[in-house]
Amino acid sequence: MGLYEDRMRRAIALARVAADLGEVPVAAVVLDPHGEVVAEAHNRTRTDADPTGHAEILALRAAAARLGDWRLEGHTLVVTLEPCAMCAGAAVLARIERLVFGARDPKAGMCGSLHNLPVDGRLNHRIEIDEGVLRDECAELLTTFFRGRRG
């Protein structure tokens with residue numbers, strides 16, 4: 001199994017924790033340039049009553065705090081769902097080198113679905129994107145979660 005698949009499995013496990021808390025099951029892991037985990041988080045918007053409590057934002061904050069620097073150059077962000085505008089923007093501002101995500105988000109995804117903010121040439125930084133890592137497992141988490149909420 002490759003590095004990104006392994007780290008995505010870690011994110012999927014965290015997303016399941018989020019679902020158990022009633023949060024949308026999305027999780028993110030920040031990797032250092034050697035592929036080691038620096039920080040991880042799952043969605044906490046409901047738990048913290050915080051609209052910015054997305055997994056990516058929380059993981060980026062934790063990584064920056066741990067490293068003592070807001071610039072995460074050379075780091076990779078692994079996330080179960082394609083980031084929204086806020087999270088994609090935060091990744092660009094943090095100078096993330098690579099974004100790896102599982103499932104696309106056709107309603108809010110800003111890394112290829114609605115727009116592709118991380119590679120927009122008008123910005124001062126661009127991010128390499130690898131999508132579809134464990135796509136089916138990531139998508140199934142969300143499908144199961146929302147099916148349970150509607151039923």
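Trainee: Which side chain meets Glu128 in a salt bridge?
Mentor: A salt bridge is a side-chain nitrogen of Lys or Arg within 4 Å of a carboxyl oxygen of Asp or Glu. Here the N to O distance is 2.6 Å. The partner of Glu128 is Arg98.

Trainee: What kind of model is this, and how are residues numbered?
Mentor: This is a predicted model, where local features need pLDDT of at least 70, side-chain atom pairs count only at pLDDT 80 or more, and totals for chains, interfaces and linings use all residues. Residues are numbered from 1 along each chain as its sequence is written, and side-chain values use heavy atoms, with hydrogens and water left out.

Trainee: Is Arg98 buried or exposed?
Mentor: Buried means under 20% relative accessible area, exposed over 50%, and partly exposed in between (1.4 Å probe, protein chains only). Glu128 has 40%, so Glu128 is partly exposed. Arg98 has 18% relative accessibility, so Arg98 counts as buried.

Trainee: Which residues are linked with Arg98 in a network of salt bridges?
Mentor: Arg98 pairs with Glu128. The network also takes in another residue. Its members besides Arg98 are Glu128 and Asp130.

Trainee: How many residues apart in sequence are the parts tied together by Glu131 and Arg104?
Mentor: Glu131 forms a salt bridge with Arg104, with the closest N and O atoms 2.7 Å apart. Strands (E, at least two residues) and helices (H or I, at least four) are DSSP runs, numbered from the N terminus. Glu131 lies in strand 5 and Arg104 in the loop between strand 4 and strand 5, so the parts tied together are 27 residues apart.

Trainee: What volume lies in the largest pocket, and which helix gives the largest share of its lining?
Mentor: On a 1 Å grid over the protein atoms alone, a pocket is an open set of points where a 1.4 Å probe fits, with protein on both sides within 12 Å along at least five of seven lines; lining residues have an atom within 4 Å of a point. The volume, the space filled by probe spheres set on the points, is about 260 Å³. Of the 13 lining residues, the closest to the centre are Asp105, Pro106, Lys107, Leu142 and Phe146. The largest share, five residues, comes from helix 5.
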